[in-house]
Amino acid sequence: PARIAIRGRAGSGRRTLLAAFARIAGRALGVIDTAQLPRDADRFGRGLQLALRRAQLAGLVPVIRGLDEVVFDERDGGEIAREVCVAHPGPIAVISPPDVSPPFPVGHVVIDLPTLSETERTGVWQRALAPTRFWLRDHAGLAARYRVGPGVIHRAVASLAGLDPQLPADDRIDSFLRQSRDLRLADHARRVDRLATWSDLVLPPDIMDSLRELVGRVRHRRTVFEQWGMGRTMATSRGLTALFQGQPGTGKTLVAGAIARELGLDLYQVDLSKVMSKWIGETERNLATIFDAAEDGQVILLFDEADSLFAKRTEVRSSNDRYANLEVNYLLQRLDSFEGIAILTTNSGGSIDPAFKRRLSFRLSFPFPDEDTRAELWRAHLPRELPRGGELVFDVLARKYQLSGGYIRNACLRAAFLAAQEETSLHQHHLERAVALEFAELGKLSTAGTID
Ligand SMILES: Nc1ncnc2c1ncn2[C@@H]1O[C@H](COP(=O)(O)OP(=O)(O)O)[C@@H](O)[C@H]1O
Ligand SMILES: [Mg+2]
């Protein structure tokens with residue numbers, strides 16, 4: 001009997017293709033979602049068997065989906081499905097993400113659906129809209145912003161039903177795509193709302209130049225990789241992965257936000273505690289979801305203080321180490337083909353696996369601020385509206401205290417509250433006291449020197 005596997009990312013049009021095949025044979029599809037089957041190994045196998053038989057009796061072509069997500073303690077769902085499928089007499093199809101081996105013995109058909117190029121996506125938008133009365137102001141812009149497959153494109157167009165076809169549908173489609181992306185990310189990442197602006201940054205000119213280059217790489221990606229053909233001649237990933245390293249409070253997280261804002265993208269901070277799972281295979285799946293969603297567009301992923309995820313591979317001593325290394329290997333492989341934008345930050349570059357470092361397209365060390373920069377940081381953190389008692393001498397503070405921007409920010413806020421509490425304007429002595437309190441909190445008796 002026919003065995004067919006269609007692989008591709010969510011929304012790549014896997015089901016649409018199968019439905020077209022089935023139609024040629026005069027049949028319809030019966031989708032079996034493994035998420036609805038019982039969650040223990042024995043009952044799962046029987047449930048699957050039953051579902052296949054039912055579809056066959058109803059004259060449908062059974063399509064199994066979600067097999068890659070079924071894992072039991074002892075064995076994975078694919079293994080069980082393999083046994084059930086061998087025994088089933090009728091045709092079976094499976095839908096899966098790329099690179100998943102189908103649960104069939106030799107002799108089956110595999111079709112891998114590619115991801116479309118930007119130009120191809122523009123064409124799909126046009127074809128999907130052609131039979132409707134809806135129209136877009138900017139097909140190309142939408143194709144550039146969202147790297148979605150034909151499946152998602154057709155669903156987005158279907159969501160327009162009932163709207164006024166006089167108006168352009170761009171905004172509606174945009175928010176549909178945004179919502180479906182947010183839904184995919186919601187379990188593992190959170191959107192960062194307040195983003196700094198470029199002018200909030202106090203950094204040496206060479207770092208600012210590097211940041212401008214980074215932003216430029218995102219802006220001109222299409223020109224360079226597609227129109228100029230560099231994507232064909234370069235075997236590198238087209239994604240942008242940046243590593244920011246530097247001591248705490250030097251502005252790494254701040255800069256990630258400013259970059260997102262500058263590019264008009266949403267910043268999603270990945271929640272590593274939710275991504276990293278003790279279950280075998282679970283961490284990879286979580287990461288796959290995040291990377292896929294990020295590739296589909298309009299997002300920068302922030303792996304803040306990413307050391308735990310990107311740490312050096314350990315020598316294998318226990319089975320736990322082996323799984324940790326599997327995760328690292330998955331990450332390495334995924335980064336190679338990653339086409340989205342991700343920023344990793346770390347306080348100590350030394351703990352990141354060198355194999356990762358080589359794969360990152362951009363590395364930037366955030367310097368500890370020198371005296372002039374510190375004075376500038378003090379100035380930058382006290383807004384103009386703030387009432388001042390006498391002149392504030394930032395140079396003195398900068399010289400006396402070796403503080404990074406983060407601590408300077410804390411001290412400024414603290415000083416403002418001290419002044420407010422005394423119902424006076426902000427004086428130099430408030431700033432001094434605030435610094436002393438910061439040091440004291442950190443358990444340092446001396447008020448001079450560095451906090452780290
Ligand atoms: N280079 C900088 N320019 C302006 N503000 C800074 C800078 N570095 C740190 N800050 C201030 O310190 C706060 C914390 O910095 P953050 O970006 O979280 O540091 P990091 O992520 O490197 O630990 C920022 O929100 C900002 O107010
Ligand atoms: Mg940070």
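Buried means under 20% relative accessible area, exposed over 50%, and partly exposed in between, with a 1.4 Å probe and protein chains only. This is a predicted model in which local features need pLDDT of at least 70 and side-chain atom pairs count only at pLDDT 80 or more, while totals for chains, interfaces and linings use all residues. Residues are numbered from 1 along each chain as its sequence is written, and side-chain values use heavy atoms, with hydrogens and water left out. Of the 452 residues of the protein, 46% count as buried.

**Overall layout**

- The protein has 20 helices and 13 strands; helices (H or I, at least four residues) and strands (E, at least two) are DSSP runs, numbered from the N terminus.
- Along the principal axes, the C-alpha atoms fill a box of roughly 85 × 65 × 45 Å.
- Among contacts in the protein with a separation of 6 or more, 75% come from residues 24 or more positions apart; a contact means heavy atoms within 4.5 Å.

**Surface and charge**

**Helix α7**

- Helix α7 covers residues 170-185, and its 16 residues should span 22 Å at 1.5 Å a residue; the end C-alpha atoms are 23 Å apart, which agrees. The expected span is 1.5 Å times one less than the number of residues.
- The buried residues of α7 are Asp-170, Ile-173, Asp-174, Leu-177, Arg-181 and Leu-185.
- On the face turned away from the buried side, α7 carries the exposed residues Asp-171, Gln-179 and Leu-183.

**Helix α17**

- In α17 (residues 371-380), the buried residues are Thr-373, Arg-374, Ala-375, Leu-377 and Trp-378.
- Those residues pack against α18 (394-400), β12 (401-402), α19 (405-421) and α20 (428-441).

- Phe-44 lies in helix α2 (residues 41-57) and is buried, with a relative accessible area of 0%.
- Not counting residues up to four places away in sequence, Phe-44 touches Thr-34, Leu-37, Pro-38, Leu-67, Val-70, Phe-72, Gly-77 and Ile-80.
- Between Phe-44 and Thr-132 there is a C-alpha to C-alpha distance of 42 Å, and they are 88 residues apart in sequence.
- Ser-96 belongs to strand β4 (residues 92-96) and is buried, at 9% relative accessible area.
- Leaving aside neighbours within four places in sequence, Ser-96 is in contact with Ile-6, Arg-7, Gly-8 and Arg-14.

**Loop residues with positive phi**

- Asp-99 is placed in the loop between β4 and β5 (109-112). Phi of Asp-99 is near 70°, a positive value in a residue other than glycine, and Asp-99 counts as exposed at 66% relative accessibility.
- Glu-305 is placed in the loop between β9 (299-303) and α14 (307-310). Phi of Glu-305 is near 50°, again positive in a residue other than glycine, and Glu-305 counts as partly exposed at 48% relative accessibility.

Note on methods
Chains are lettered from A and ligands numbered from 1 in the order in which they are written.
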